[in-house]
Amino acid sequence: MTARVREGWPDVAKGICIVLVVLWHVVTKHMIDMPGASGVTGFWATLNAQLLPLRMPLFFLVSGMFAGRAVTAIDGTSWRRRAARLAAMYVVWVLIQTLALALAPDFDTARAKDAGELLAQLTISPTNLWYLLALAAYLLVARLSRDVPTSVVLPVAFVVSAVAASGLLPDLGNLWQVVQNLFFFVAGLRLRGMIESLAAHASPLRMFMLAAAYACCAAVVGILGMRQWPGVWPLLSVTAVVFGVTACAVLDRRVEWLAGPLRWVGRRTLPIYVIHMIPLALIDGALRGASIRTSPLIEAVEPLLLTVLVIAICLAAHTVLVRCGLGVLFDPLLLSERLRRRHARAGRLPSR
């Protein structure tokens, strides 16, 4: 039997999304309040804001597409292991970030200052690592609702996302983002065939038409201040995601020089996601301490250069940690498996 060829565009999508995540943090946590920042930095901030409806919704859509087998399997071991791994990673990396970011006290990101804040971040007030917690929760929701018809699940998920996007939830860190993006994970899970068909029929003309539609819708929402109108943000994100899937499929088939590196990065998003805030914080502190004078040219290229540098540091750090036997940081469940194997071997040893 011929093995199914892995589609390339989902990895392109994940690569683009993780690059945009790092770029967003570079701009909003480093560039935006640098002394002497000009309108060029303002442009970067505005551009990043217009990509908000695309970045995480597309990320979760692709994640949902590949969760189907784990969610629907009769044996629930697979989804439980995935969810437990994600939740454990969230705990591990919140603790690591809390310690590491103490070295950069002026860096603008949430960090726990006492045990109470740490407990809140581990439960009801997610940090910048909220994607991990969200995926674990989505797997649970998807498993519990696996027998509910799609015609019921999707509208309910859309309403939940619309409520979160309308600002009606308590301001508890990134909790609203966890709730807001549920719809896109469920859509990826339940509508995989439609999404793959959309990608299969992608063309440059469709891509440019959808890009224009997305840009127009984003402009209208921004100009009229419709961001928190009920249902507007999820609908804008749907437009963005349809464009994103189409664009990624076109890039995957037609622009190999760009798609190749994006696919490569897209298969390594996890270490970039969990590590990137730490080197960014340290770089931010070093640049501020050096009192480097800014200029429009520096502001134009610095976000791109820093994004590439941070991603490279993350991937290098991941390689070093794994080679040093610390791969358990990226899959904490490996620790329990190692202990179980060790106990099993000890049980087979002859007694003296």
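**Notes on the model**

1. In helix α10, the residues Leu182, Phe183, Phe184, Phe185, Val186, Ala187, Gly188 and Leu189 are buried. The helix spans residues 182-190 and is mostly covered, with 8 of its 9 residues buried. Buried here means under 20% relative accessible area, exposed means over 50%, and partly exposed lies in between (1.4 Å probe, protein chains only). Helices (H or I, at least four residues) and strands (E, at least two) are DSSP runs, numbered from the N terminus.

2. This is a predicted model, in which local features need pLDDT of at least 70 and side-chain atom pairs count only at pLDDT 80 or more, while totals for chains, interfaces and linings use all residues. Residues are numbered from 1 along each chain as its sequence is written, and side-chain values use heavy atoms, with hydrogens and water left out.

3. The largest pocket has a volume of about 1000 Å³. Of its 34 lining residues, Lys14, Ser63, Phe66, Ala67 and Arg82 are the closest to its centre. Two or more lining residues come from each of α1 (9-31), α3 (52-65), α4 (68-72), α5 (77-100), α7 (130-144), α11 (192-200) and α15 (269-275). The largest share, 5 residues, is from α1. By class, the lining of the largest pocket has 17 nonpolar, 4 polar and 13 charged residues. Ala, Val, Leu, Ile, Met, Phe, Trp, Tyr, Cys and Pro count as nonpolar, Asp, Glu, Lys and Arg as charged, and the others, Gly among them, as polar.

4. On terms: the search uses a 1 Å grid over the protein atoms alone, and a pocket is an open set of points with protein on both sides within 12 Å along at least five of seven lines. A cavity is a set of points where a 1.4 Å probe fits but cannot get out, and lining residues have an atom within 4 Å of a point. Grid points are joined across faces, edges and corners, and a volume is the space filled by probe spheres set on the points.

5. The second largest pocket holds about 420 Å³ of space. Its lining comprises 21 residues, and Trp24, Arg55, Trp130, Asn174 and Gln177 lie nearest its centre. The elements giving two or more residues to this lining are α1, α3 and α9 (175-180). Helix α1 gives the most, with 5 residues. The lining of the second largest pocket divides into 9 nonpolar, 9 polar and 3 charged residues.

6. How many cavities of 30 Å³ or more does the structure hold? There is 1. The largest cavity has a volume of about 40 Å³ and is lined by Val94, Gln97, Thr98, Leu101, Ala110, Arg111, Gln121 and Thr127. Helix α5 supplies the largest share of this lining, 3 residues. The lining of the largest cavity divides into 3 nonpolar, 4 polar and 1 charged.

7. The whole structure has 7 salt bridges, each a side-chain nitrogen of Lys or Arg within 4 Å of a carboxyl oxygen of Asp or Glu. One of them joins Asp11 and Arg267, whose closest N and O atoms are 3.0 Å apart. This pair links distant parts of the chain, 256 residues apart: Asp11 is in helix α1, and Arg267 is in the loop between α14 (256-266) and α15. Asp11 is buried at 2% relative accessible area, whereas Arg267 is partly exposed at 46%.

8. Asp331 takes part in two of the listed contacts: a salt bridge with Arg81 (3.2 Å, N to O) and a salt bridge with Arg85 (3.8 Å, N to O). Arg85 lies in helix α5 and Asp331 in the loop between α17 and α18, 246 residues apart. Salt bridges that share partners also join Asp11, Lys14 and Arg267 into one network. Asp331 counts as buried, at 11% relative accessibility. Arg81 is partly exposed at 30%, and Arg85 is partly exposed at 27%.

9. Leu168 sits in the loop between α8 (150-165) and α9. This residue is exposed, with a relative accessible area of 62%. The C-alpha atoms of Leu168 and Gln228 are separated by 9.2 Å, and the two residues are 60 apart along the chain.
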